[in-house]
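Here's a quick briefing to read alongside the model. Have the viewer open and follow along.

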Amino acid sequence: MSLLATLARLEAVRSGHAEPLATVRHRHLSDRPMVLVPLAAAGEAGAPLAVLLGTERAAPRLHLVPQPLNRSQRFEFLAGFAAELVPYLESYGAEVEQIERTEKDPETGEKTQAFRELCADAPQLIVPNSGSVQHLALLGRSTRFRRTAEDPDPGPYPAPTRVPLLGRWLTHLTERAQVPGSSLLLPMTGLLARHWATGQSHLEDQHLGAQLAWHQPPFGIGGAELATRMETERDAAGQLLHPPAGPATDPAFDARVLAPAITRHDTALAALAALATAPGDQARLRVKQTAEELHAALLQVLLPTWQDVWRGLDLLRALPPAAHLAERWEGDRWSYTGHRDRLAAGEPPQPKQDDAVTAARKLAQREREQARLDVHEALDDPLAMAEHRLSGEAFAGVVTEVVPEYDTSGRSPKPRPLLVIRTTDRPHADQGRKVYRANHSSAQEAVIVGSDPAEGTVTVRVLNGMGRKKEPEPGSLPDPGERIVLTLFELTPRQSAPLPEPDDTPWTHGGPPGGSDRSPTATEEWE
Amino acid sequence: MTTGMTISPPSSPTNERPDENPGAAADSAVAAILAATVHPAPGAPRGVVVDSPPGAGKSTLVVRAARELVAGGEKLMIVAQTNSQVDDLVARLAEKGPDLTIGRLHAADSKPAAELSRYANVTAAPKVGDLLEQDVVISTAAKWQWVKTEARWRHAIVDEAYQMRSDALLAVAGLFERALFVGDPGQLDPFTVVGTDQWAGLSYDPSSSAVVTLLAHNPEIRPHRLPVSWRLPYSAAPLISAAFYPYTPFRSGTGPEDRRLTTSTAPDGSALDAAIDEAAEHGWALLELPARHTVRTDPQAVAATAATVHRLLTRGLTAHSEQGSTPLTADRIAVGTAHRDQAAAVRAALLKLGVPVDGSAGPAVTVDTANRLQGREYDVTVVLHPLSGRPDATAFHLETGRLCVLATRHRHACIVVARAGIPELLDEHPATEPVQLGVTMKFPDGWEANHAVLAQLNEHRVQLH
């Protein structure tokens, strides 16, 4: 944790409410996000219990598995979930723009103009916390290889048609969520923690209700006290007043509310089945009643979190968007378009595990995006830049002097002016280190030629970005009295080195990957 | 311990076998490695792996292997990890092998060290095409990844292979047929700033060490070991061997009387001088400040570190070793820290005391982080303990390799500056990293190694009030 973030946390402890860590919003927010609150069943890893989702705050839709151990019911649930989610995801695929690119013909090597489709916008899922992202990833993994009735070999338990499609989308979105700065799938706790510091630990911040308690706590109650209430207050029946945001449920809810409701529903179903020859209205009514009870019980624990996520969105939307958001969102749009195209082309689902080359490529992409995100945030937000200034990796100051000097080593003299900058920052201003001018219209580099910590001045020699003439282009240099920010880190992240094709995987990494893998046929107990 | 496993300590401290000549043991190990590299048996694995404890003659081995390969009519490429490692290696090769032609491949925007221009047999170029005629071409892994050439090298040497990431090896392995991988498994593992849990347990996890991946895919490779540390003094080898290399013990190449530090002035009665005398006599000293939670750049600990270095220089120490007696000058001293801002703070404090810290302007004290001190050697080191003054012990601060690097840079003595209370801090923070399926547990873990080192340091404690 940086010094500034620690300070903000200490201030939050003292003030009793969340303190800002950013002056702008650093993640893209869609106009029409899909909010999704999943719950998992206790006892079995990745077993879905329910999901509350929707794009309308006033109209959440609940899907649930009445008996989490029953595979048929699980797949009915997944089919319903898919019927809700997949159309939303696909709805962004129709409107496209044509991007012109120069492509090299692989055979002739000639450069040709080519057009590629880029979807004009992309969907966005907002979930309560990072646990929800992991749960969706597990759902994706367990469903994307399922065979459907349309498969040539459907197996004994074909899944509804859209289930493997849902799995592929969930896999794509949860993979993309691993890329720093991406916004297709975002956890609300992470979004809030990026923009505000609370007076509690990171672990406590994982409870969405407790984290939100630090935002505008009612008069007379501090964030800490309200957060404690959110985490612990129970009603007369021993149920939490503010249930955890999932995907795990409160054990007291499981034991005293959920399990009895499931049992009642099972019993009603069994009774109905026993009357198979002449089902009575009474038995049907009982099934309907118990199903509604289950529905009501789950809705009750999901709705507070649903409201919390939307409240979080309200808070975030009040922040002005950062300048580089559109640039990074374009990356998300490409990611979305790419997946859309792979589905359309009938490609097989994402493999169970990445091969060596794919894993290395993904790691390189994530590292590149992390570097880009750090630079973007620093450029977009004085508070983010302040962290770099505090750590000596950047400095801000007023130009006190511009000394025109020239490099006369070449045929024609080139401008290499000196800037004297008065600063109260204490950069690691070692001589000969390169510095980069932040928030300037074009990239400009300089080199540190001297510093005087006692005077608070740093002298740099500008190396480029001044045009081709002997005298610098007007406006390319700061005027005396102008305030500038220089960073010691590069502002354009480096490219990643090329990697071999998967078929050229070397002997050190086991050689080219073997044939395709397909999940073994389920041997688990089905119903 | 969280795992509930008991790991028996190594059979016996290796220094207790004076009958065996360390030189002979080292020579036979080197001979076996060279034979496997230069004259591989038919059907032998394509890789040779050498595990080397700190200061066991790794660089000497690389130079010998390169010379013998070239003498056998081969051309080879060498992969190192940082530019300074490459420059060091080029200088060594050029000096020890004046008959070799050496190509130094460098990036367009980073020129090789100026000293290299003194060697007539070194050619530097940013394009590999200009260097294909050279006997040996050396560059960093990062630069090699960009090399595209039809010509492949029959042989490669990968230096500091345990610090190379698996994905970097993936990118360069297509350039050679066979390779000698040399490295120190006890030093810092490669790292990344993004999450990689997704690949944990895969044999080719791109964020793991190149050697781990290589051995997982080539199980027939049996790593060789260098059994003798020529750098570490008799006082340090048993502790380092037991604490960091419990399954691959090594010994010091020198005996108890071979390395001595003497002072020309009497101690002034201060705690600093007492710590220096303790270190001169026993090879270790712990300069302990009162317990306190501090910011990372703890001003008192930084001041104590700088003052210790200052006294080391003003007391006129002389280092006596098998290589002769030399006065302890600034360039033979290093200060090691965990974080860059700590190094910057120590540098600033030293400058105030008039101690030179800029190597480009004459002999100067090296002040740097563990990551950058890897592979370096000094007579005396002063270490700011990674856990000093901290309220918690994170995985970063507990990493075995970090402490191992900091505690193994010295030929004579190591003085550790720390706040009291680290053993209690360790006890309050057992390792909590999740156990991943398929990932080999690294023993000893940082928790255990830290305790082992602290237990030894406690016997050489000097309190500073």
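**Around His106(B)**

Setting aside neighbours within four places in sequence, His106(B) is in contact with Lys111(B), Pro112(B), Ala124(B), Ala125(B), Pro126(B) and Lys143(B) (contact means heavy atoms within 4.5 Å). Bear in mind that this is a predicted model, where local features need pLDDT of at least 70, side-chain atom pairs count only at pLDDT 80 or more, and totals for chains, interfaces and linings use all residues. Residues are numbered from 1 along each chain as written, chains are lettered from A and ligands numbered from 1 in written order, and side-chain values use heavy atoms, without hydrogens or water.

- His106(B) sits in the loop between β3 (102-105) and β4 (122-125) of chain B; strands are DSSP runs of E, at least two residues, and helices are H or I runs of at least four, numbered from the N terminus.
- His106(B) counts as buried because its relative accessibility is 6%, and the cut-off for buried is under 20% with a 1.4 Å probe, protein chains only.

**Chain B overall**

- Chain B has 15 helices and 19 strands.
- Its radius of gyration (over C-alpha atoms) is 22 Å, close to the 23 Å from the globule rule for 465 residues, so chain B is as compact as a globular protein of that length; the rule is 2.2 Å times the number of residues to the power 0.38.
- Buried residues account for 54% of the 465 in chain B.

**A hairpin in chain A**

- β3(A) and β4(A) make a hairpin with six residues between them.
- Ala50(A) has Leu64(A) as its bridge partner in β4(A).

Key. Two strands pair if DSSP finds at least two bridges between them. Buried means under 20% relative accessible area, exposed over 50%, partly exposed in between (1.4 Å probe, protein chains only).
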